[in-house]
Amino acid sequence: MGELWIVLAVSCGLAFLSEKYTLAWKGQSSRTLNNGIVLLLIVYLSIFAGLRTGYNDTFTYMSSYEAMAAFPDILTEFSWKPGDNPGFVLLNSLMKAAGFSAQTFVLLYSTLFVASAVSFLKRYSSSFTLSIFLFICANGYLFSLAAMKQCASIAIGLWAISHVLKKKWIRFVVITLLAATFHPYILLFLLIPLLRFKPWSFETIVLMVLTLIAGLTLPNVIGTVVDTAALLGDGYNAEEFIGEGVNVFRVLVASVPVVLTLLFRSSVTGKESTERDYLFINCSFVYACIMFIGLFGTANYFGRLANYFVLFSAIALPMIVARLPMRERRFLTAMMIVCYLAYFYYGNAISENFASEFSRITLWEYLS
C-alpha cells in the first residue's frame, strides 16, 4: 500500500500548507495562495482516484458505462424510480453522447466527489489538516474509489448542509432530492435538521436506545427494511441484509466522537458551542449508530450507508479536541494520529490488500 502512504503524506502536507503557511506577501494572508493550494489538493486526489482502472466496483462501472445507450436513445428504456438512479443514468448518457471515454467518466465523478468533500472540510473544519488526515485514514476518500453512485449523491448532498445551517429548508430539501436521483440512501440527510440538539441531552439517549433496539432486533424487522427499500425501487431481499456484519474495528473507530463527547461533555458542549457544532457532532453519532447496527446486518449495505456521514466525523473530532485544555489536546491528538494510522494500515494491508486490488494508468497514458 505504498501508494496510499504517499497519498496520505502529500494530502496532509498540502492541507498543512493551506492552513499554516499562506503568509506570502508583506505578512498578509494570501487568499489566492490558500485557494491555490486547496485546488492543488483537489486536483491531486481527483487524479489519483480518477485514473484508476481497477478497485472494488470500478471495472463494473466502466463496463456498464461503455455498454449503455447515449442520450437521447437512453430515453426509450429510462426509469424514474429512485432505486434505478435516474440522475446518475441521465448524466452518464449525456457524457456518452458527448463522446467521453470510460476513463473520463471515472475521472469526472472522482473530481465531483473530491471537490465537494475537500471544500466541505475546508469550510467547516477547525483543523483542515487533521480533517484531511481523518478523511483519508477513516475510509472517506477510499469509499469514492468503490461506490461512484453513492459518492455522487454525497457530493451533491453536502451542498445542502449550508442551507440547513441557514434554515433555508426548501433549498435543503430540493438539493437532497436531486442528490437522491443518484442514489436514494442520501434521503437520510432529511433527518439532519432534527439533529441540532445538544449532545448527550435526552434526545441523544433516545438515539442510542433506538440504535440498540434496531441492532438487536434487526433479524426480526428485516422484512420492514426490505419493504421500505422496495418503495424506493430497490429490489433487495432479506438474505442480502443478513450476513457477515461490519468489522468491529470499524465500529470502534466510528464511535470515537461518541466516547470523547461523553468523557469531555462539559468542555465540548460549553457556552462557546453553537448549534452548528451540535449538528456536526450529532451527525457523527449517526455514523457510529449505523455502524453499530451493521454488526448485526451485512457489512456491504450498512457500511456504505454509514459512510454517508463519515465526513461529519472528520469535522467533529478536530472540533472536540480543540475544546480541551492544551495538555489533553496534545495527548489526544497524538493518540488519534497513532490509532488512525494503525487502522489505515490494518484496513488496507491486513483486512484487505489494497495493492493487489488497485490498478491505474498514468496521467501521460490518459492524455495520450
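By class, the lining of the second largest pocket holds 11 nonpolar, 10 polar and 5 charged residues. Here Ala, Val, Leu, Ile, Met, Phe, Trp, Tyr, Cys and Pro count as nonpolar, Asp, Glu, Lys and Arg as charged, and the others, Gly among them, as polar. The model is predicted: local features need pLDDT of at least 70, side-chain atom pairs count only at pLDDT 80 or more, and totals for chains, interfaces and linings use all residues. Residues are numbered from 1 along each chain as its sequence is written, and side-chain values use heavy atoms, without hydrogens and water.

Of its 26 lining residues, Asn139, Arg250, Gly347, Ser351 and Glu352 are the closest to its centre. Two or more lining residues come from each of helix H6 (128-137), helix H7 (140-143), helix H18 (299-306) and helix H20 (326-350). H20 gives the largest share, 5 residues. A pocket is an open set of points on a 1 Å grid over the protein atoms alone, where a 1.4 Å probe fits, with protein on both sides within 12 Å along at least five of seven lines; lining residues have an atom within 4 Å of a point.

The protein has 22 helices and 4 strands. These are DSSP runs numbered from the N terminus: helices are H or I with at least four residues, strands E with at least two. Of the 368 residues, 49% count as buried. Buried means under 20% relative accessible area, exposed over 50%, and partly exposed in between (1.4 Å probe, protein chains only). The accessible surface comes to about 17300 Å² (Shrake-Rupley method, 1.4 Å probe). Carbon and sulfur atoms account for 65% of that surface. Contact means heavy atoms within 4.5 Å. Among contacts between residues at least 6 apart in sequence, 78% join residues at least 24 apart.

Gln150 lies in helix H8 (residues 148-157). Gln150 counts as buried because its relative accessibility is 6%. Beyond its neighbours within four places in sequence, Gln150 contacts Tyr61, Phe143, His183, Arg304 and Tyr308.

The whole structure contains 0 disulfides, a disulfide being a pair of cysteine sulfur atoms within 2.5 Å. The closest cysteine sulfur to that of Cys12 is in Cys137, at 6.8 Å, so it is too far for a bond. Cys12 is buried, with a relative accessible area of 15%. Cys289 is also buried, at 7%.
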